[in-house]
Amino acid sequence: MEKAGIITGEDGRGRCFWHGGLEDYRRYHDEEWGRPVTDDFRLFEKICLEGFQSGLSWLTILRKRENFRAAFAGFDFDKVAKFTEDDVARLLSDAGIVRHRGKIVSTINNAARAIELREEFGSLARYFWSFEPGPHERPSVVDLETLRANPTTPVSVRLSKALKKRGWTFVGPTTVYAFMQAMGLVNDHIDGCFCRREVEELRLKFRRP
């Protein structure tokens, strides 16, 4: 009997259920999700895309990610912060992305806020990783029941409030926790998923910024 929340693939390896057996989603699960990231542009990209994901599925955003990258200058926040109303109009006519004016304007706003963070802390990575939960703030077992019961955490609430205080938008605690999970600030691969051990080993070797 398989453990709750685990799907065994054709390769015989157990994985978190949420990839649903879809090849692109499985590749994202295996190769990206939960692996520690310090690159500022990737961190900015992810927190923005999590904002776009609000009300949609992450798979929808994942399949449009290359279009988003092209539309938002590779999520180089120095460039995005200079976007004008003409750029907003361009983005609203781009069928390759999610054409939501509020989320587009939010991304441009957040780019300016990202520059401010970098100026104050040296990098976005240093700021975001300062919110990495300590062992006492993590569950003893990461299983399906735990994940479903905790779409937010006290740490994601703190980070959300801190970002909002600095003028960031579309950074609610659920969005922020999804960002933390994806960027490796926590390891939420379910016990029994082969990636859990791999990610834990990466996190042990990882040099925090």
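**Overall chain**

Of the 209 residues in the chain, 50% are buried, meaning under 20% relative accessible area with a 1.4 Å probe, protein chains only. This is a predicted model, in which local features need pLDDT of at least 70 and side-chain atom pairs count only at pLDDT 80 or more, while totals for chains, interfaces and linings use all residues. Residues are numbered from 1 along each chain as its sequence is written, and side-chain values use heavy atoms, with hydrogens and water left out.

The chain holds 12 helices and two strands; these are DSSP runs, H or I of at least four residues for helices and E of at least two for strands, numbered from the N terminus. The C-alpha trace spans about 55 × 35 × 30 Å along its principal axes.

Now to H6 and H7. Helix H6 covers residues 85-92 and helix H7 residues 101-121, and they pack at about 135° with axes 10 Å apart. The axes are lines fitted to C-alpha atoms over the stretch in contact, and angles run from 0 to 180 degrees between N-to-C directions. That angle makes H6 oblique to H7, since under 35 degrees is roughly parallel, over 145 roughly antiparallel, 65 to 115 roughly perpendicular, and the rest oblique.

Which residues meet? From H6, Glu85, Val88, Leu91 and Leu92 meet Arg101, Ile104, Val105 and Ile108 in H7, contact being heavy atoms within 4.5 Å. The residues of this contact are six nonpolar, no polar and two charged, with Val, Leu and Ile among those counted as nonpolar, and Glu and Arg among the charged.
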